[in-house]
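Please go through this structure with me in short questions and answers.

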Amino acid sequence: MFILEKIAEYAKTDRVALINRNERLTFAQMDAYSDAVAACLLAQFGAEDRTPVVIYGHKQTEMLPCMYGALKAGRAYVPVDITVPADRVRDILDTVKPKLFIDLADICSGGEIPADLYGQRVDTAAVQQIFAEYAGQKPDASHWVQDADPCYILFTSGSTGKPKGVPISKANLDNLYREFSAWVADAKGDVIMNQISYSFDVSVVSVYVGMALGKTLYTIDKGMMENLPELYEKLATSQIAVWVSTPSFAEMCVVSPRLDANLLPQMERFIFCGEVLTHKLTETLFARFPGRAVVNTYGPTEATVLVTAMEVTQAMLEDTRPIPIGIPLNEVRFAIVDEAGNELPEGETGELLIISDSVSAGYFGRPDLTAQRFLEWKGEGCVKRGYRTGDAVYRLGQYYYFCGRIDFQVKLNGYRIELEDIENNMMRVTNVARAVVLPVSKEEKIDHLVAFVMLQSPSQLSALKTGLAIKEELKQYLPSYMIPRKIVLRESFPINTNGKVDRKQLALELK
Amino acid sequence: MKMEETKIIEALCEICGAEPEDLEGDMELFEEGLLDSFGVISLFVELESIFGVKLDPTEVERSVISTPDKLVAFVLEKL
């Protein structure tokens with residue numbers, strides 16, 4: 001596999017693969033530690049076993065060697081970030097049933113994860129012991145993941161209230177690298193940003209493409225995000241040349257006037273993915289980083305991170321239309337279809353279908369959901385996999401433009417959220433009878449979420465305290481980014497002619 | 001002074017999704033989940049546009065603005 005071969009190649013140099021605060025891993029260490037993890041997996045569970053390895057943690061230095069180690073032993077890994085609450089970790093473990101659970105952030109110490117959900121658990125100390133105990137062992141490349149094998153499984157918000165897993169195969173990742181790596185390789189500088197959590201697939205740009213190009217991943221963790229003075233201190237010494245993030249993270253950073261080419265003199269290009277890129281952010285970056293490239297990309301997790309790329313131009317900023325989501329990568333074919341599945345002409349808005357070798361085989365253990373969204377596309381002498389994105393899109397010339405969702409999925413601060421997922425989990429909260437969650441937009445994109453809540457019985461507390469109590473309890477079930485900012489208590493909901501809650505009417509109340 | 005204080009609290013409430021009468025002066029904004037990094041940024045942007053004062057979030061520790069009272073004192077100092 002390209003990434004494993006490349007790591008082994010750079011391992012012969014003294015190149016640095018990862019900077020994580022005061023810790024550094026060279027490519028040689030990355031190679032050796034991942035070999036040790038693979039050797040351990042093969043020794044403990046055999047070469048035939050293919051059960052995915054679940055890795056819980058954040059940006060710990062041990063994360064990447066464990067991830068690549070799983071690949072070297074022919075297993076997929078499931079990265080689960082610390083923002084995921086115990087209830088969801090239980091769901092994921094129950095779905096994957098891992099033989100090895102690597103717990104780098106001690107979620108098990110709280111007693112909330114029953115031990116029968118996994119085979120064996122190892123913590124950070126045990127992982128370091130594996131690095132030492134299996135040092136020098138080099139499992140043969142014949143054990144590595146093969147074309148159709150999943151490399152990682154990412155769990156995303158599901159409308160039923162349970163997360164669903166998206167497996168991405170070696171062939172999918174090979175395709176991403178083949179099609180997109182030039183956009184990263186064009187930067188001369190050595191350092192690429194490693195900010196996106198590993199359980200969110202925009203991180204793959206750094207972890208696969210950046211790493212395979214021999215770049216140094218510079219880690220920005222949750223602690224830095226919560227301590228902005230520290231974040232800027234780190235940025236100033238980072239030497240980052242390739243910025244990879246959601247637009248939201250960059251929007252947060254540019255609020256300080258200090259974020260400019262003086263603070264980041266090596267900066268060459270910004271690569272954005274995961275949500276709408278606004279005119280305002282792009283204008284700010286053009287002004288603060290003259291001559292540097294801003295690259296917009298687009299893609300769902302189901303199609304391996306991104307399937308478009310495009311450098312934003314001054315003309316796009318002067319256009320009143322939104323910034324295009326990009327131009328499909330060479331191998332990728334886009335079809336915009338109406339409700340009957342007929343392809344629409346240029347300029348007309350319909351659902352976007354992605355036809356590409358980057359499209360996943362389907363949801364993990366969910367043939368029912370897979371059949372709803374994935375398809376086989378016959379055309380131009382070949383059969384390729386297709387995915388119905390649920391995104392409403394139109395095309396003008398070579399550019400594609402996003403105009404919202406055809407369902408209840410939203411992107412907030414780069415996170416993909418099914419509003420029904422939040423609603424279903426809110427109804428698990430004490431005294432909540434019904435909940436309707438709506439997005440509130442500001443300047444081209446969603447700013448926050450508001451929940452309208454009907455209680456089972458009147459609360460003795462003030463509205464704010466009641467709302468805070470609901471939010472607190474909801475944290476047991478949902479990651480913090482899915483908790484609505486505002487809770488509005490209602491005695492009843494408006495009903496539309498179909499007998500359903502009238503979301504449009506509720507949305508008007510937010511204006 | 002009272003006028004500025006009201007404006008600061010209103011801006012804070014807008015970000016937290018709270019009503020001014022519900023907010024207590026010594027509430028721990030971060031611990032209670034009323035503010036996070038994104039919230040602070042939005043709040044500073046809002047306060048800048050109201051008062052025309054430069055507030056750089058990268059120069060402010062969380063502890064300095066962790067309650068409504070502390071936030072008001074911090075902003076008034078800058079005016």
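Q: Which residues of helix 3 of chain A are buried?
A: A residue counts as buried if 20 or more other C-beta atoms lie within 10 Å of its own, as exposed if 12 or fewer do, and as partly exposed in between, with C-beta atoms placed from the backbone. Helix 3 spans residues 63–72 of chain A, and 10 of its 10 residues are buried, so it is largely enclosed by the rest of the structure. Helices (H or I, at least four residues) and strands (E, at least two) are DSSP runs, numbered from the N terminus. The buried residues are Met63(A), Leu64(A), Pro65(A), Cys66(A), Met67(A), Tyr68(A), Gly69(A), Ala70(A), Leu71(A) and Lys72(A).

Q: What kind of model is this, and how are residues and chains labelled?
A: This is a predicted model, in which local features need pLDDT of at least 70 and side-chain atom pairs count only at pLDDT 80 or more, while totals for chains, interfaces and linings use all residues. Residues are numbered from 1 along each chain as its sequence is written, and chains are lettered from A and ligands numbered from 1 in the order in which they are written.

Q: Which residue with a positive phi follows helix 3 of chain A?
A: The phi in question is near 80°. The residue that follows helix 3 of chain A with this value is Gly74(A).

Q: With which residues is Ile55(A) in contact, leaving aside its neighbours within four places in sequence?
A: Two residues are in contact if their C-beta atoms, placed from the backbone, lie within 7 Å. Among the partners of Ile55(A) are Met63(A), Cys66(A) and Met67(A), which are also among the buried residues of helix 3 of chain A.

Q: Which members of the largest nonpolar core touch the most other members?
A: A nonpolar core is a set of buried Ala, Val, Leu, Ile, Met, Phe, Trp, Tyr and Cys residues joined through C-beta atoms within 7 Å. The largest one has 159 residues, and its largest share, 10 residues, comes from helix 2 (residues 27–45) of chain A. A second, separate core has 23 residues, including Ile422(A) and Val437(A). In the largest core, the members that touch the most others are Val54(A), Ile55(A), Val78(A), Ile102(A), Val242(A) and Ile271(A).

Q: Is Ile271(A) buried or exposed?
A: Ile271(A) belongs to strand 12 (residues 269–272) of chain A. Beyond its neighbours within four places in sequence, Ile271(A) is in contact with residues including Trp183(A), Val242(A) and Val295(A). Because Ile271(A) has 26 C-beta neighbours inside 10 Å, it counts as buried.

Q: What is the strand order of the open sheet in chain A?
A: Two strands pair if DSSP finds at least two bridges between them. The open sheet has nine strands with mixed pairing, and its edge strands, each pairing on one side only, are strand 2 (23–26) and strand 15 of chain A. The order is 2-1-10-9-11-12-13-14-15.

Q: Which residue in strand 14 of chain A is the bridge partner of Val295(A)?
A: Strand 13 (residues 293–296) and strand 14 (residues 308–311) of chain A pair in the antiparallel sense over two bridges. Within this pair, Asn296(A) stands opposite Met310(A). The bridge partner of Val295(A) is Glu311(A).

Q: How many C-beta atoms lie within 10 Å of Thr304(A)?
A: Thr304(A) sits in the loop between strand 13 and strand 14 of chain A. Its C-alpha atom is 6.6 Å from that of Ile168(A), 136 residues apart along the chain. Thr304(A) is buried, and the number of other C-beta atoms within 10 Å is 31.

Q: What distance separates the centres of domain 1 and domain 2 of chain A?
A: Domain bounds come from an automatic or database domain assignment, which gives domain 1 (2–296) and domain 2 (416–509) of chain A. In their contact, 14 residues of domain 1 meet 17 residues of domain 2. Taken over C-alpha atoms, the centres are separated by 33 Å.

Q: How many residues of chain A take part in the contact with chain B?
A: Chain B has three helices and zero strands. Chain B puts 17 residues into the contact. From chain A the number is 21.
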